[in-house]
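Thanks for sending this one over. Here are my notes on the charges and contacts, point by point.

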Amino acid sequence: MAHHKSAIKRIRQNENRRLQNRAVKTRMKTATKKLASAEKSGDIEALANELNRTKSVIDKAAKKGVIHKKTAARRKSRLARRINQLSAA
């Protein structure tokens, strides 16, 4: 256990940040899963709306520093590519 006041405070801060980061990551994963379920339904318009929502959630996670901005770009790119292949078919 920490002995210094600053170390105790740092432990408290780290725990709060960990919980906040976990919430953001969970939100991101849920949005991705919703997109996958919309993909199975086959409705192109609903799929486009869900893709925009998912991109927004990923961007917010990157903005908050939960994921790196290049990781966010890669995830969005992969999702968009998958959706575009479906709409082209």
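1. Let's start with K29, which is exposed, at 55% relative accessible area. The cut-off for calling a residue exposed is over 50%, so K29 qualifies. K29 sits in helix α1. Keep in mind throughout that this is a predicted model.

2. On the surface, a patch of positive charge brings together K25, K29, K33, R74, R75, R78 and R81. Two elements, α1 (5–41) and α3 (69–88), each give two or more residues to the patch. Which of the elements gives the most? That would be α3, with four residues.

3. How many salt bridges does a search of the whole structure turn up? Four.

4. R18 pairs with E15 in a salt bridge, and their closest N and O atoms are 2.8 Å apart. Both residues belong to helix α1 and are three residues apart, or about one turn of the helix. R18 counts as partly exposed at 41% relative accessibility, and E15 is also partly exposed, at 36%.

5. In helix α2, E50 and R53 are again three residues apart, about one turn of the helix. They form a salt bridge with 2.8 Å between the closest N and O atoms. Is E50 buried or exposed? It is buried, with a relative accessible area of 13%; the cut-off for buried is under 20%.

6. The salt bridge between K76 and D59 has its closest N and O atoms 2.8 Å apart. This pair links distant parts of the chain, with K76 in helix α3 and D59 in helix α2, 17 residues apart. K76 comes out as partly exposed at 21% relative accessibility. The line for buried is drawn at under 20%, so K76 at 21% does not count as buried. D59 is partly exposed too, with a relative accessible area of 37%.

7. Last, have a look at T54, which lies in helix α2 (residues 44–63). T54 is buried, and its relative accessible area is 0%. What does a polar atom of the T54 side chain lie 3.3 Å from? The backbone oxygen of A31. The cut-off for a polar contact is within 3.5 Å, so the 3.3 Å distance from A31 to T54 falls inside it.

Technical notes. Residues numbered from 1 in each chain as written. Predicted model: local features only at pLDDT ≥ 70, side-chain atom pairs only at ≥ 80, totals over all residues. Heavy atoms only, no water. Patch = residues over 30% accessible without salt bridge, like charges linked within 9 Å, V, L, I, M, F, W, Y side chains within 5 Å. Areas by Shrake-Rupley, 256 points an atom, 1.4 Å probe, with all protein chains shown as cover. Salt bridge = Lys/Arg side-chain N within 4 Å of Asp/Glu carboxyl O. Lys, Arg positive; Asp, Glu negative; His and termini not counted. Charge placed at Lys NZ, Arg CZ, Asp CG, Glu CD. Buried < 20%, exposed > 50% of the residue type's maximum accessible area, 1.4 Å probe, protein only. Polar contact = N/O pair within 3.5 Å; in protein donor to acceptor, adjacent residues only side chain to side chain.
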